[in-house]
Amino acid sequence: MITEHALLPVMPGREDEFEIAFTEARAIITSMPGCRGLSLSRSIESPSTYLLLVEWEQLEDHTIGFRQSEQYQAWRALLHHFYEPFPLVEHYRSVP
């Protein structure tokens with residue numbers, strides 16, 4: 001299993017809008033093959049920053065299956081205009 005980690009810097013004042021849009025976006029990503037679940041958390045210290053963790057069966061489920069899909073275009077249209085700057089996304093594998 002792979003964990004996608006992204007800190008989402010939402011433009012201040014647009015947090016409520018973002019959370020509403022994310023409700024729709026959540027249904028998109030969780031319907032993708034290989035997506036095992038996700039969590040979205042809001043920072044207490046920096047309330048315009050969110051932590052997105054998505055569990056994927058394998059890296060390619062995210063980097064190819066999702067990012068090269070039509071569903072990703074809908075995800076992008078819903079969410080990407082909220083970010084400043086654009087988030088850094090990294091992938092993690094559990095250590096035995």
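Glu17 is partly exposed, because its relative accessibility is 41%, between the 20% and 50% limits. The model is predicted. The side chain of Glu17 forms a salt bridge with that of Arg14, at 3.1 Å from N to O. Arg14 also counts as partly exposed, at 22% relative accessibility.

A salt bridge also joins Arg42 and Glu19, with an N to O distance of 3.3 Å. Arg42 belongs to strand S2 (residues 35–42) and Glu19 to helix H1 (residues 15–30), so this pair ties together parts that are 23 residues apart in sequence. Both ends are partly exposed: Arg42 has a relative accessibility of 38%, and Glu19 has 32%. The count of salt bridges comes to two.

Now step back to the fold. The protein chain has three helices and four strands. Along the sequence they follow the pattern β-α-β-β-α-α-β. The radius of gyration is 13 Å, close to the 12 Å that the globule rule gives for 96 residues, so the chain is as compact as a globular protein of that length. The C-alpha trace spans about 35 × 35 × 20 Å along its principal axes. Consider contacts with a separation of 6 or more: 70% of them join residues 24 or more positions apart.

Next, the interior. Of the 96 residues, 35% count as buried. The largest nonpolar core holds 24 residues. Within this core, Phe18, Leu52, Trp56, Phe66, Trp75 and Leu79 touch the most other members. Strand S1 (2–9), H1, S2, strand S3 (49–56) and helix H3 (70–79) each give two or more residues to the core. H1 supplies the largest share, six residues.

Leu52 shows how such a residue is surrounded. Leaving aside residues up to four places away in sequence, Leu52 touches Glu4, His5, Ala6, Leu8, Phe22, Leu38, Ser39, Leu40 and Trp75.

Asp61, His62 and Phe66 are its buried residues. They lie on the same side of H2, because they cover an arc of only 95 degrees around the axis. An α-helix has 3.6 residues a turn, so residues three or four places apart point the same way. The cover over the buried residues of H2 includes S1, H1, S3, H3 and strand S4 (89–93).

Last comes the surface. The protein chain exposes about 5900 Å². Carbon and sulfur atoms supply 53% of that area.

Technical notes
Residues numbered from 1 in each chain as written. Predicted model: local features only at pLDDT ≥ 70, side-chain atom pairs only at ≥ 80, totals over all residues. Heavy atoms only, no water. Salt bridge = Lys/Arg side-chain N within 4 Å of Asp/Glu carboxyl O. Buried < 20%, exposed > 50% of the residue type's maximum accessible area, 1.4 Å probe, protein only. Core = buried A, V, L, I, M, F, W, Y, C linked by side-chain atoms within 4.5 Å. Contact = heavy atoms within 4.5 Å. Arc of directions from axis to C-beta. Rg over C-alpha atoms; globule rule 2.2 N^0.38 Å. Areas by Shrake-Rupley, 256 points an atom, 1.4 Å probe, with all protein chains shown as cover.
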